[in-house]
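This report goes through one protein model, element by element. The sequence and the structure come first.

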Amino acid sequence: MDQDQGWVKIRDCKREDAEQIASFYNRFGYGTGPSGYPLKTDDILRLMDEREIVSYLLAEYEGSIIGTMLFSTLSGQKMPDSRAVWSGYFIIHPEFRNGGIPGRFFSESISRLTEKGYWYIDTEVDPTNRLAMALYKRVGMYKTSRSRLDYDGYIDLRCYLPYILQYVLNGYQSMLPEGMMENVGWKNLITSATRSSETDSVVEHGVEMVPYTIQYGEMGVTCWIDIRSQKVTRMESPQFRFNSYIVEGQTLTIGQSIRIRFEFENRQDSNILVQFQTHLGNQEVEYQNGQKIQLLGAGESIEWEETITLLGPLQGELKTSVRFGEVQFEFHSGVEVRSRVELSMPEQSLLLGESTTTYLRLQNFVPEPIRVQIQVKSSDDKRLQAILPEKDTWLIESEEIVDIPLWLQGARTGVGELVCEVTSEQNKCIHTSHFQIPVHSKDGVVRYRRNGRIILENPHISVQIDSDTGGVYVYDQVSRKQVVQEAWPDLGFPYTSGVKRMASRSLLCNDDSESTIVVKEIRDNGAILTRKISICSVRIVKIEDSTNSTESLKIHPWCMLQDAVIHIPFKEGIRKDTVIYEEFPFLIHDFEYARDLQLPSDPQAYSMSWSAFEDREVTVGMVWKGQVESLLYGLRWMPAIVFASGAGEKKSFPFMSKRKKLRNIRESYKASESRAIHYYVVARSGVEDIKQHWQRLVDRGNFSDFFTQPAAINLPSRHTSSAENGKVSVEERSEASKSLYLINNQTIQLKLVPEHQGAMTSVKFQGKELLFQLQGSERRGGRDSSSPRSGILLKPFKQPIDLENSVLLDDPPFLSFQGQPISVTEKGGMTWEGVRCSTEHFSLDYLLVPDVPLIRLDFHVANRSRALQESYFAIQSLWNGFQEKRRAKTIHYWNALGHQVLTENGIRRKVYGEPRMVLELGSDLFVACWMPSYQGQLAVYEIPKKGFQVSLIHPVKVGSGEKKRYSTYFAIGHSVEEVCNYFRMGG
């Protein structure tokens, strides 16, 4: 389909356009080109082959491409939700960006997407790109609470316009004038071109919504999308207005009495007969105060409430159907009804004969205290012994969490089951939980199901497959780390699997084996893909893929170790290097089709069929066998591998009865020959262990070469400067209506603003300003930001940090601290002085000693609850001062290869290491930062045009009634060696 208006033609991309498209992307810095790897014609052709493309449009002016837009089922290794499609490759020539081309792209696309039944358009965007964010909002792409920064630093936006257009058209049916729906698109959307710093949604009556106002000729219609259900929950039009909601909100508890409120207005000039019908989940709501059929006069409004008691759990919707004449609409609101209490337990596994004390976590969701009893029963197979404390009842306050000790012992190998019942004072069971706990022999394997996953594990490794998506997850049981994640394989073009967000599939899983997992996918074309997973050694997972198809097979193994060194065996020798995300091995998500960017895709370039990723605690390697067509390294692919097409004969069962088909499928579980085999090796002895396993599993002694381990790096000795004769001064001031503190030890002067995240906003060393951030009205526009452009600040997290998402880049909830001077004397007599910044739950001390260029930050947390508190905190430092002359900074850090160096180069990158680093600020000034605890981790993010963001991350684990302190240090000097002298401080 072509659109030829205003001398600009919009049409479908064709294969003949590949050369010009590649040139267009390279010219305007899109894709891999800015990193020194321009896209080639073959790359664009592979994009057209490998990507499942819904629509690929280009804009053309006088025979030259001036813009493109792509809609597909994969973006950034994320598969779409049901009835959603990803948009991307939205590039427009700078001279045409202010015209109507963006709107014409979206109008044409929305028309096509509605015809194909898509409801939602998703896109990823850099949230720091304000021009792009404003443009996307103009076309209805909204940021809500479901929008999250992913690992690559992009945020998801969603457009509901295709769904709303279909919704309005279907609801009004023949009432709309003929032709009114033609060419309705983004230009009919009425919205603000600005975007808030938080979200574009509104919250009313506890319901988060996004409003859309669309002009249909002379008629304007406003629909509110409920974010939970992703459907229309409220509507206003010239004909009527309707709204319904649960007064108590969308998260409810069993036994709760709730009120459902209804509002309807007839906006027509005549009487109408309106029919209402409401369901909560599958249960119809009987109207007691309203009527199912009501006659309303012109301009008449009605409002009423229905009260019901919730009798069971629900993850569903409140749905109300409204009908008058030929008009019929359904309105939805997502609802969760949960138990009055929730009982959980940390994941456990035991060795035979081993005993441990864990806990049952009990949480009260009702608004008043509740007194309960708990009973624990083990399964009849007597694999487990379980004992609770001798206590009759537990009084739990509203919203309180209580940890109840539970003693366990493994009595027999296998999988034991605990049944835990919570009963009320009336001896009525109000909650039941079932927990599966494997009991291992020394090297034995057990198999069980938990939370939708089928699990094989021994005391050393655990391999899990999601029965819904086919995703594979491998864990090291010793370090408790996830080491590998793998998406379900692709069979032929297009490649649709995404490792970051996987989608549901129709899979069959065998249940007749205790030592293997066999999963089978039968495709519409009769192709059968079978995956067999087993633990074939103490620390080795074996995965065998077989198929009756002749098409190529692609696997998607992704290493989950962030602080990693990669080892790749080339013919010239083994290359060992730090994994720097988006730099080495180079690749960018959405451009996986580009070949031979930094590392070759030809398998003949490599000497051995293995690779390894190594961090401080564990090494995970992959070994593979089969006829390999391409090896695709980049980011943290291990690598992704394309196995060559097979010569098998397709077998399908199109005309068999269901019973015969199932019998043939069961037989085929046993009959298929593996097309590809790969192993995951979780090693404790380094990379040499991976190579030895490769020699045993694949090479069988045919290869030998020289292998060397990296040299050890010795830490410098502790600094011993005397600090007996100086002093530390603490001065409180008020600037820009904020209270602040100046701390001075004659060498370093710090400026703290407790009300602003408790941030350190200025550091002077020997009179030189190293870090400076203006506050409040001093800033342009006089607005505060929860994320300073420079400074050192605390970032607490209520739950473990998932570094696969860019939580470190998220704006934290704004925290305001109270400051007060403090003095801390150590056992050895050294006295630290400074300021304590406190909140209700934790505090952060900024401390100095006289005359020494050393800063200590102490994070204090106390647990006053009756439950174990597990969380994380990060000390973030951004050394990019206000109005400073920008210079490239260099970071020194340490990992499994020893001392490493990273210099800013203006591209988006991530690297991880041990919890210590040195930053070169220029002018012979250096800053060291470290945590003495081995549990800490360094995360360095380079953000284009903003420089390095450095975070030191540490887990927090505080038992009931405990207090703990976690220290972080900064040292300033004139060389790397000088500041490294402090590294043993706090050790």
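Strand β44 (residues 610–614) pairs with β45 in the antiparallel sense over 5 bridges. Helices (H or I, at least four residues) and strands (E, at least two) are DSSP runs numbered from the N terminus, and two strands pair if DSSP finds at least two bridges between them. Within this pair, S611 has M622 of β45 as its bridge partner. A hairpin of 4 residues joins β44 to β45.

On β45 there is also a pairing with strand β48 (residues 676–683), antiparallel and with 8 bridges. Here G626 stands opposite A676 in β48. Strand β45 (residues 619–626) has 6 of its 8 residues buried, so it is largely enclosed by the rest of the structure. Buried means under 20% relative accessible area, exposed means over 50%, and partly exposed lies in between (1.4 Å probe, protein chains only).

## Basis of the model

This is a predicted model, in which local features need pLDDT of at least 70 and side-chain atom pairs count only at pLDDT 80 or more, while totals for chains, interfaces and linings use all residues. Residues are numbered from 1 along each chain as its sequence is written, and side-chain values use heavy atoms, with hydrogens and water left out.

## The chain as a whole

The secondary structure of the protein chain comes to 8 helices and 67 strands. Of its 987 residues, 56% count as buried. The chain exposes about 42800 Å², and carbon and sulfur atoms supply 45% of that area; accessible areas come from the Shrake-Rupley method with a 1.4 Å probe, and for residues only the protein chains shown count as cover.

Among contacts between residues at least 6 apart in sequence, 63% join residues at least 24 apart. Contact means heavy atoms within 4.5 Å.

Strand β38 (residues 516–522) has 6 of its 7 residues buried, so it is largely enclosed by the rest of the structure. Strand β37 (residues 507–509) runs antiparallel to β38, with 3 bridges between them, and L508 stands opposite K520 in β38. The two strands form a hairpin with 6 residues between them.

Strand β39 (residues 528–537) also pairs with β38 in the antiparallel sense, over 7 bridges. I517 stands opposite I533 in β39. The hairpin of β38 and β39 has 5 residues between the strands, and G526 in the turn has a positive phi of about 90 degrees.

## An open sheet of five strands

An open sheet is formed by 5 strands in the order β24-β31-β30-β26-β28, with mixed pairing. At its edges stand β24 (350–351) and β28 (394–396), each with a single partner strand, so one side of each is left without a neighbour in the sheet. Inside this order, β26 (residues 370–378) and β30 (residues 414–424) pair in the antiparallel sense over 7 bridges. K377 has V419 of β30 as its bridge partner.

## Helix α4

In helix α4 (residues 130–138), the residues A132, M133, Y136 and K137 are buried. Seen down the axis of α4, the buried residues fall within an arc of 135 degrees, so they line one face of the helix; the arc is that of the directions from the helix axis to the C-beta atoms. The face turned away from the buried side carries the exposed residues R130 and L131.

The buried residues of α4 pack against β5 (84–92), α3 (101–115), β6 (120–125), β7 (141–142) and β8 (155–159).

## Salt bridges

The structure holds 55 salt bridges, a salt bridge being a side-chain nitrogen of Lys or Arg within 4 Å of a carboxyl oxygen of Asp or Glu. One of them joins D17 to R11, with the closest N and O atoms 2.9 Å apart; D17 and R11 are both buried.

Another joins E317 to K231 at 3.3 Å between the closest N and O atoms. This pair links distant parts of the chain, with E317 in strand β21 (residues 314–324) and K231 in strand β13 (residues 231–236), 86 residues apart. K231 counts as partly exposed, at 21% relative accessibility.
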